[in-house]
Amino acid sequence: MAEVSIYVSQIHRGEGIGSALLKSLVDSSEKNGYWTLQAGIFPENKESIKLHKKFGFREIGRRERIGKMNGVWRDVILLERRSNKVGIN
């Protein structure tokens, strides 16, 4: 299992960079035998959640009050992707 994060500068969003990075991550993980990828995304980051789902991630839960950001407790939505190429045997 590996945990993934992708950050694209706000000025470059909508240019396909996130898709290219996530596709490369998925391809590389499968070439290296990773069966499961996991991501934790802030609930309000709907575009990132949508992007991950486009590449086969599914929501598996919510971690509540996982950490503080600027003094405010934050939740994250947990997503995971299971490869259909690795670990099938």
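Start with the whole chain and its contacts (heavy atoms within 4.5 Å): of those between residues at least 6 apart in sequence, 57% join residues at least 24 apart. This is a predicted model, where local features need pLDDT of at least 70 and side-chain atom pairs count only at pLDDT 80 or more, while totals for chains, interfaces and linings use all residues. Residues are numbered from 1 along each chain as its sequence is written, and side-chain values use heavy atoms, with hydrogens and water left out.

**The overall layout**

Switch to a cartoon view. You'll find 2 helices and 4 strands, in the order β-α-β-α-β-β from the N terminus on. Both kinds of element are DSSP runs numbered from the N terminus: helices are H or I with at least four residues, strands are E with at least two. The C-alpha trace spans about 45 × 30 × 15 Å along its principal axes. Color by accessibility next: 35% of the 89 residues are buried. Here, buried means under 20% relative accessible area, exposed means over 50%, and partly exposed is in between (1.4 Å probe, protein chains only).

Select residues 46–54, which is helix α2. Which of its residues are buried? They are Ser-48, Ile-49, Leu-51 and His-52. These cover an arc of only 160° around the axis, which puts them on the same side of α2; the arc is that of the directions from the helix axis to the C-beta atoms. Now show what covers them: α1 (17–31), β2 (36–41), β3 (58–69) and β4 (72–82) are included. On the face turned away from the buried side, look for the exposed Lys-46, Glu-47, Lys-50 and Lys-54. Then step past the helix to Gly-56, which follows α2 and has a positive phi near 95°.

**The largest pocket**

Rolling a probe the size of a water molecule over the atoms shows where empty space is left. The largest pocket holds about 860 Å³ of space. Of the 31 residues lining it, the closest to its centre are Ile-6, Asn-45, Ser-48, Leu-51 and His-52. (A pocket is an open set of points on a 1 Å grid over the protein atoms alone, where a 1.4 Å probe fits, with protein on both sides within 12 Å along at least five of seven lines; lining residues have an atom within 4 Å of a point. Grid points are joined across faces, edges and corners, and the volume is the space filled by probe spheres set on the points.)

Which element gives the most to the lining? That's α2, with 6 residues. At least two lining residues come from each of α1, β2, α2, β3 and β4. Color the lining by type and you get 12 nonpolar, 11 polar and 8 charged residues. Nonpolar covers Ala, Val, Leu, Ile, Met, Phe, Trp, Tyr, Cys and Pro, charged covers Asp, Glu, Lys and Arg, and the others, Gly among them, count as polar.

**Salt bridges**

Show the charged side chains. There are 8 salt bridges in the structure, each a side-chain nitrogen of Lys or Arg within 4 Å of a carboxyl oxygen of Asp or Glu. Pick Glu-80 and Arg-58, which meet at 3.0 Å, N to O. This pair links distant parts of the chain, with Glu-80 in strand β4 and Arg-58 in strand β3, 22 residues apart. Glu-80 is buried at 9% relative accessible area, whereas Arg-58 is partly exposed at 47%. Glu-80 also meets Arg-82 in a salt bridge (3.5 Å, N to O), and Arg-82 is partly exposed at 41%.

Next, select Arg-62 and Asp-75, whose closest N and O atoms are 3.0 Å apart in another salt bridge. Arg-62 lies in strand β3 and Asp-75 in strand β4, so the pair ties together parts that are 13 residues apart in sequence. Arg-62 is partly exposed at 45%, while Asp-75 is buried at 18%.

**Last stops**

Jump to Ser-29 in helix α1, buried at 8% relative accessibility. Leaving aside neighbours within four places in sequence, Ser-29 is in contact with Tyr-34 and Leu-37.

Finish with backbone angles. Most residues other than glycine have a negative phi. Arg-65, in strand β3, has a positive phi of about 50° and is exposed at 51%. Asn-70 sits in the loop between β3 and β4, with a positive phi near 55° and 76% relative accessibility, so it counts as exposed.
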